[in-house]
Amino acid sequence: GWLLVADESHVMLPQLRAMHGGDRSRKLGLVAGGYRLPSALDNRPLAFDEFWERVPQALLVSATPGDVENEWCESRMVDMVVRP
């Protein structure tokens, strides 16, 4: 197995969620304009849920966790104290 370590997950998770939709929107315009063949839609980034189906375990690191981190972590959230 392997472990995904996501630093600044409060930024990474929304970007990951938007990748699929942004890519599809861009390619639909190119296909409609005749600049790409319809098969271009088959080459795409994974959707958010498809990505997480392939991740066996993850460590989400964030100073300001968002709703997704709070929902997923339940009571397993840990505070990291860094002292000079």
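Leaving aside its neighbours within four places in sequence, which residues is Leu16 in contact with? Keep that question in mind, and let's walk towards it.

**Before you click**

This is a predicted model, in which local features need pLDDT of at least 70 and side-chain atom pairs count only at pLDDT 80 or more, while totals for chains, interfaces and linings use all residues. Residues are numbered from 1 along each chain as its sequence is written, and side-chain values use heavy atoms, with hydrogens and water left out.

**Stop 1: the whole chain**

Show the protein chain as a cartoon.

Now turn the chain around. Its C-alpha atoms fill a box of roughly 55 × 30 × 25 Å along the principal axes. The radius of gyration is 17 Å, whereas a compact globule of 84 residues would have one near 12 Å. That radius is taken over C-alpha atoms, and the globule rule is 2.2 Å times the number of residues to the power 0.38.

Buried residues make up 17% of the 84 residues in the protein chain. Buried means under 20% relative accessible area, exposed means over 50%, and partly exposed is in between (1.4 Å probe, protein chains only).

**Stop 2: Glu8**

Select Glu8, in the loop between β1 (4–7) and α1 (9–32). Glu8 has a positive phi of about 55° although it is not a glycine. Glu8 counts as partly exposed because its relative accessibility is 40%.

**Stop 3: Leu16**

Move on to Leu16 in helix α1. With a relative accessible area of 8%, Leu16 is buried. Time to answer the opening question: beyond its neighbours within four places in sequence, Leu16 is in contact with Phe48, Phe51 and Trp52. Contact means heavy atoms within 4.5 Å. While you are here, select Pro45 too: the C-alpha atoms of Leu16 and Pro45 are separated by 9.3 Å, and the two residues are 29 apart along the chain.

**Stop 4: the aromatic rings**

Show the side chains of Phe48, Phe51, Trp52 and Trp72, which form one aromatic cluster. The structure holds four aromatic pairs. Rings of Phe, Tyr and Trp (its six-membered ring) pair if their centres lie within 6.5 Å; planes under 30 degrees apart count as stacked, over 60 as edge-to-face and the rest as tilted.

Zoom in on Phe48 and Trp52. Their ring centres are 6.2 Å apart and their planes stand at 65°, so this pair is edge-to-face. Both residues lie in helix α2 (residues 48–53), four residues apart, about one turn of the helix. Are they buried or exposed? Both Phe48 and Trp52 are buried.

Phe48 lies in helix α2 and Trp72 in helix α3 (residues 67–73), so the pair ties together parts that are 24 residues apart in sequence. Phe48 counts as buried because its relative accessibility is 8%, while Trp72, at 31%, counts as partly exposed.

**Last stop: zoom back out**

Show the whole chain once more. Among contacts between residues at least 6 apart in sequence, 64% join residues at least 24 apart.

Definitions and conventions:
Helices (H or I, at least four residues) and strands (E, at least two) are DSSP runs, numbered from the N terminus.
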